[in-house]
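Trainee: I would like to learn how to read sheets, helix packing and aromatic pairs in a model. Can we work through one together?

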Amino acid sequence: MILITGGAGFIGGNFVLDWVGLNNEPVVNLDKLTYAGNLQTLQSLQGHPLHHFVQGDIADRSLVSALLAEHRPRAIVHFAAESHVDRSIHGPGEFIQTNIIGTYNLLECARAYWSSLPSSEQAAFRFLHVSTDEVYGSLAPGDPAFSESNAYEPNSPYSASKAASDHLVRAWHHTYGLPVLTTNCSNNYGPFHFPEKLIPLMIVNALAGKPLPVYGDGQQVRDWLYVKDHCSAIRRVLEAGRLGETYNVGGWNEQTNLDIVTRICALLDELSPSADGKPYASLITHVADRPGHDRRYAIDARKIQRELGWLPAETFKTGLRKTVAWYLDNTDWVRNVQSGSYRDWVQKNYAERQA
Ligand code: NAD
Ligand code: DAU
């Protein structure tokens, strides 16, 4: 079996759903259920013999050690993190705690467990750390895309905490021989994406007739990848990645934020026209920029293609249409995640950004 951390979040949830659909191998899913974790995402797995959910913190050493001893996984796939840049600006403490201390704890538990395995199981064991392209910092317009040899230049508390966790993972391989793999992926989008992030926020705001808050001039560039393609890349790296290596994962799909929002509005005009007949794009509002906002990310994904034969399956056009349709079809999921704490966050992040 495999142990997943953060499998009630956006990417981890999609990964668990896909894994159970594709493999006959059990998953233990350890998740603290922070504001970003949601068991409704995993509702279709209720009572499923291959899925075992445990609510708990990756920083809880006795819990993690006990889970490893009890379930004896052949791999750990580590998604759990605080993941939102804007929240890291308002409050970096949780990011240091989970992304750095939590990862450190997981590595130590994994090392103790792995050291105790018989040699054949030791050789087969993998610790796969899921990380981000944001560790590389920001690109100027003509710069080449991030490759695995780029220097780390994180700019936000979030990306600095992820960079720190990547360094810990690397060190546990070089110093202790722990069989690790790291993936650094670009921006994901798709089903079950928490509506604090750009694409789902714009969809749910538009449908509620609320302003669509574009930070600054909206010309920042991100490289978008459909979440199921990220999951297939992780499965491929887990299966065949070279130990100690890092793999950049991306969609070869650079878009400005303003283009993304405009495309979402056009899809909604087609699939769910507004009651007053106005185009959704009339809701676009430029607001104060994110402090330290990275201008451009772009991933050079040639290594994972060359070494492991991985390529994304979804185009942005089909992936965005599927995503918008998913939000239109899953209004219960959206309503449930828009709890009191979600409304508090929206107030905190947007109230002081003058249009
Ligand atoms: P998310 O915020 O949607 O989910 C994070 C999950 O981790 C939640 O279910 C939460 O409850 C859980 N969690 C948080 N702290 C925990 C703790 N201390 N112990 C146990 N569980 C805890 O995040 P996501 O967007 O699914 O991202 C998953 C991973 O992928 C993160 O490591 C993130 O850095 C990385 N990543 C995300 C993107 C993206 O575009 N979203 C891109 C590249 C990499
Ligand atoms: O690049 C990978 C990263 O992508 C992941 O590591 C992070 O976990 C994930 O959250 C994401 O980070 P971003 O900061 O790029 O994503 P976000 O959706 O927050 O913002 C995308 C872009 O949209 C960014 O340039 C900021 C802008 N934005 C965002 C929000 C929420 C707006 O203009 N308005 C908004 O209201």
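Mentor: We will go through the sheets, then the helices, then the rings. Keep in mind that this is a predicted model.

Trainee: Let me start with the sheet of seven strands. In what order do the strands run, and is the pairing parallel or antiparallel?

Mentor: Read a sheet by strand order, then by direction. Here the order is β3-β2-β1-β4-β5-β6-β10, and the sheet is open. The pairing is parallel. β3 (51-55) and β10 (246-249) are the edge strands, each pairing on one side only. From one strand to the next, the twist averages 20°.

Trainee: How many bridges join β6 and β10?

Mentor: Four bridges, in the parallel sense, with β6 spanning residues 180-185. Remember Y247. The charged end of K303 sits over its ring, 4.8 Å from the centre.

Trainee: Which helices lie across these strands?

Mentor: Look at α2 and α6. Helix α2 (residues 61-71) lies across β1 (2-5), β2 (27-31), β3 and β4 (75-78). Its direction is at about 175° to β2. Helix α6 (residues 157-176) covers β5 (126-132) and β6, at about 155° to β5.

Trainee: How do I describe two helices that pack on each other?

Mentor: Packed helices are described by the angle between their axes and the distance between those axes. Take α2 with helix α4 (residues 93-115): the angle is about 35°, and the axes are 10 Å apart. The crossing of α2 and α4 is right-handed.

Trainee: Which residues make that contact?

Mentor: From α2, R61, V64, S65 and L68. From α4, Y104, N105, L106, E108, C109, A110 and Y113.

Trainee: Now the other sheet. What is the order of its three strands?

Mentor: β7-β9-β11, again an open sheet, with mixed pairing. Its edge strands are β7 and β11 (254-256). Neighbouring strands are turned by 50° against each other on average, direction ignored. β7 and strand β9 (residues 221-226) pair in the parallel sense over three bridges. In that pairing, Y189 has Y226 of β9 as its bridge partner.

Trainee: Which helix lies across β9 and β11?

Mentor: Helix α9 (residues 257-271), running at about 80° to β11.

Trainee: On to aromatics. How many aromatic pairs are there?

Mentor: The count comes to 20. Read each pair by centre distance and plane angle. F15 and W19 are stacked, at 5.7 Å centre to centre with 25° between the planes. Both belong to helix α1 (residues 10-22), four residues apart, about one turn. F15 and W19 are both buried.

Trainee: Why does the pair of F192 and W333 count as edge-to-face?

Mentor: Check the angle: edge-to-face needs planes over 60 degrees apart. The planes of F192 and W333 stand at 70°, with centres 5.8 Å apart, so the pair is edge-to-face. This pair links distant parts of the chain, 141 residues apart. F192 is in the loop between β7 (187-189) and α7 (198-207), and W333 is in helix α12 (residues 331-337). F192 and W333 are buried.

Trainee: Which residues form an aromatic cluster?

Mentor: Y136, F146, Y152 and Y297 form one.

Trainee: And what lies over the face of Y35?

Mentor: R87, at 3.6 Å from the ring centre.

Terms used. Residues numbered from 1 in each chain as written. Chains lettered and ligands numbered in written order. Predicted model: local features only at pLDDT ≥ 70, side-chain atom pairs only at ≥ 80, totals over all residues. Heavy atoms only, no water. Pairing = 2+ DSSP bridges. Helix = DSSP H or I, 4+ residues; strand = E, 2+ residues; numbered from the N terminus. Axes fitted to C-alpha atoms, helices over the stretch in contact; angles between N-to-C directions. Contact = heavy atoms within 4.5 Å. Phe/Tyr/Trp six-rings, centres within 6.5 Å; stacked < 30°, edge-to-face > 60°. Buried < 20%, exposed > 50% of the residue type's maximum accessible area, 1.4 Å probe, protein only. Lys NZ or Arg CZ within 6 Å of the ring centre and 35° of its normal. Left-handed = near helix turned anticlockwise from the far one by under 90°.
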